[in-house]
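New notebook page. I want a first look at this chain before I pick out any details.

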Amino acid sequence: MKLNWGHYLVITMTLFIGFILTMVIFVRGDNDDLTEDEYYEKGLNHEAQIAIERNSLSVLGQVSVNYQANQVIVNLPDSIIVSNIRIELMRPNDASLDKDFVFASIENQSRDLDNKLAFGYSLIRGFWKTKIYWNSDGKEFFADKDLFVQ
């Protein structure tokens, strides 16, 4: 059977429609969680966040986050006394795994003498974003650290 230009046109259109339908199904099945639930309110308070980040510039290099033996270990600067701390663990590809931890005071057995906070929490393997907020002497501080769990 010999194909003429009409047959080629129908075959091309069928392949194109199949490609478009495949892309529609693929895109609809993709999960696009927002990074922040209240992104509009956070946008309104952006100036306050900039002030907090400006406070944190002097101690930012001294903050670290590690994960060992089912424990999240947060090292804070030795030069400051932390009154309360909030830690947000965010999984960028699955918002259902996000977790917030609030410690009213870290003056308990989980805090060493060198401002290290360790708490038990099991994380699945992969990339995590960690946001750490803490207060010291009436000033707010913030650190944004990446954590990779193997």
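**Overall layout.** I started by counting elements, and I found three helices and seven strands in the chain. A reminder to myself: this is a predicted model. Going along the sequence, I read the pattern α-α-α-β-β-β-β-β-β-β.

**Contacts.** Next I looked up how far apart in sequence the touching residues are. Among the contacts in the chain with a separation of 6 or more, 59% are between residues 24 or more positions apart.

**Surface and inside.** Of the 150 residues, 29% count as buried.

**The core.** Which residues touch the most other members of the largest nonpolar core? I got V74, I85, I87, I132 and W134, out of 24 residues in that core. β7 gives the most, with four residues.

**One residue up close.** I picked S136, and I found S136 in strand β6, which covers residues 126–136. Is S136 buried or exposed? I put S136 down as buried, because its relative accessibility is 3% and the cut-off for buried is under 20%. Then I listed what S136 touches, leaving out residues up to four places away in sequence: I80, I81, S83 and F141.

Definitions and conventions:
Residues numbered from 1 in each chain as written. Predicted model: local features only at pLDDT ≥ 70, side-chain atom pairs only at ≥ 80, totals over all residues. Heavy atoms only, no water. Helix = DSSP H or I, 4+ residues; strand = E, 2+ residues; numbered from the N terminus. Buried < 20%, exposed > 50% of the residue type's maximum accessible area, 1.4 Å probe, protein only. Contact = heavy atoms within 4.5 Å. Core = buried A, V, L, I, M, F, W, Y, C linked by side-chain atoms within 4.5 Å.
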